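The sequence and the model are shown first, and the main points follow by topic.

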Amino acid sequence: MSQPIPLLPAARAATPVVAGAGDGQAMGLGMGVYGEGKSYLSLGSGVVSGCYSGKVKTSDAFRTLVSPTGSGFMLETVLRSGMQLVDWIVRTTGSPSAAALEKVALDVAAGSEGLLIMPYWAGVMSPYWDGAARGAIVGLSLDHRPEHLFRAVLEGIAFEQAVATEAMEAQAGGPAAMIAAGGGTNCALLMQIMASVLERPLSVSPVNEAAALGAAMLAAAAVGWFASPEAAAEVMAAAPTRHVDPVDGLVAAYRSRKEIYRDLYQATRDIHTRLGALDEI
């Protein structure tokens with residue numbers, strides 16, 4: 001005979017219920033991104049970036065959400081395959097760890113000796129919104145080794161982010177200071193590549209769980225500890241403790257490769273669609 005499930009104690013009268021936000025927007029707030037002039041970059045299992053817009057802007061290049069502060073909007077881009085793709089490369093190549101691959105990938109020149117990777121292992125959201133899309137590794141030769149694949153994955157993620165950021169910021173009013181957080185910030189090579197491809201310095205938040213901090217800011221404002229979420233963020237957000245600058249010698253090399261990357265989805269889209277159709281038969 002099954003035992004009765006104990007009931008949770010009733011909430012006390014006047015217990016506040018606070019509306020939160022999506023993890024990406026909460027992370028941005030936790031890093032102090034709540035108005036014009038800053039954008040956030042979350043380097044987690046997926047890669048999420050966003051910036052503030054005072055007016056509604058819509059485009060396939062991003063999704064538009066209400067700002068967690070309740071004032072204005074956040075324009076947000078999403079790449080589903082971020083650090084989970086890095087983990088996949090480590091597992092698939094039989095490497096001992098991402099750190100070990102990163103160490104040998106430091107000796108690989110920019111461009112990974114002709115490799116170009118489109119990181120759509122889990123389909124693509126912005127800007128194509130195509131669930132049938134899949135990843136592509138272009139330019140493989142018998143000379144390539146696991147460290148080339150590792151570096152090419154980091155470069156592909158950075159190229160994708162650069163294309164997304166350009167489209168997002170074109171609608172938001174121009175380039176903004178970018179603050180990064182998440183596990184990917186622990187990879188020095190990724191941060192160097194990302195700054196060089198984006199052609200801007202990156203600040204790194206010291207808070208590992210910035211999304212939880214953003215949620216706490218919303219709660220603190222809701223119960224009256226602060227006059228607004230913006231006021232809470234001004235006090236509670238931790239200042240960046242690290243800054244990563246673009247490498248002059250990499251910027252030009254990556255700029256030319258980025259233009260080739262822009263064409264990769266259109267060049268492979270029909271192939272992925274046809275392959276997917278065969279699996280449905």
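**Briefing: pockets, sheet and aromatic pairs**

Thirteen residues, given as 13 in the computed lining, surround the largest pocket, and those nearest its centre are Asp-23, Met-27, Ser-42, Gly-44 and Val-48. The model is predicted. The points below describe this pocket and a second one, then the sheet, and finally the aromatic rings.

**The largest pocket**

- The volume of the largest pocket is about 230 Å³.
- Helix 1 (residues 23-30) contributes the most to the lining of this pocket, namely 3 residues.
- By class, the lining of the largest pocket comprises 3 nonpolar, 7 polar and 3 charged residues.

**The second largest pocket**

- The second largest pocket has a volume of about 150 Å³.
- Among the residues that line the second largest pocket are Met-83, Asp-87, Glu-102, Phe-150, Leu-154 and Cys-187.
- Helix 2 (83-92), helix 3 (98-105) and helix 4 are the elements that each supply two or more residues to the lining of the second largest pocket.
- The lining of the second largest pocket consists of 7 nonpolar, 3 polar and 2 charged residues.

**The sheet and the helix packed on it**

- An open sheet is formed by 7 strands in the order 3-4-2-1-7-8-9, with mixed pairing.
- Strand 3 (63-66) and strand 9 (242-244) are at the edges and have a single partner strand each, so one side of each lacks a neighbour in the sheet.
- From one strand to the next, the twist averages 25°.
- Strand 1 (residues 38-43) pairs with strand 7 (residues 177-181) in the parallel sense, over 5 bridges.
- Within this pairing, Met-178 of strand 7 is the bridge partner of Ser-39.
- Helix 4 (residues 146-172) packs on the sheet and touches strand 1, strand 2 (47-53), strand 4 (73-79) and strand 7.
- The direction of helix 4 makes about 160° with that of strand 4.

**Aromatic pairs**

- The structure contains 5 aromatic pairs.
- One of these involves Tyr-120 and Tyr-265, whose ring centres are 6.2 Å apart and whose planes stand at 65°, so the pair is edge-to-face; planes over 60 degrees apart count as edge-to-face.
- Tyr-120 belongs to the loop between strand 5 (116-118) and strand 6 (136-138), while Tyr-265 belongs to helix 9 (residues 264-280), so the pair ties together parts that lie 145 residues apart in sequence.

Key:
Residues numbered from 1 in each chain as written. Predicted model: local features only at pLDDT ≥ 70, side-chain atom pairs only at ≥ 80, totals over all residues. Heavy atoms only, no water. Pairing = 2+ DSSP bridges. Helix = DSSP H or I, 4+ residues; strand = E, 2+ residues; numbered from the N terminus. Axes fitted to C-alpha atoms, helices over the stretch in contact; angles between N-to-C directions. Contact = heavy atoms within 4.5 Å. 1 Å grid on protein atoms, 1.4 Å probe; cavity = no way out; pocket = protein on both sides within 12 Å on 5 of 7 lines; lining within 4 Å. Points joined across faces, edges and corners; volume = space filled by probe spheres on them. Nonpolar A, V, L, I, M, F, W, Y, C, P; charged D, E, K, R; others polar. Phe/Tyr/Trp six-rings, centres within 6.5 Å; stacked < 30°, edge-to-face > 60°.
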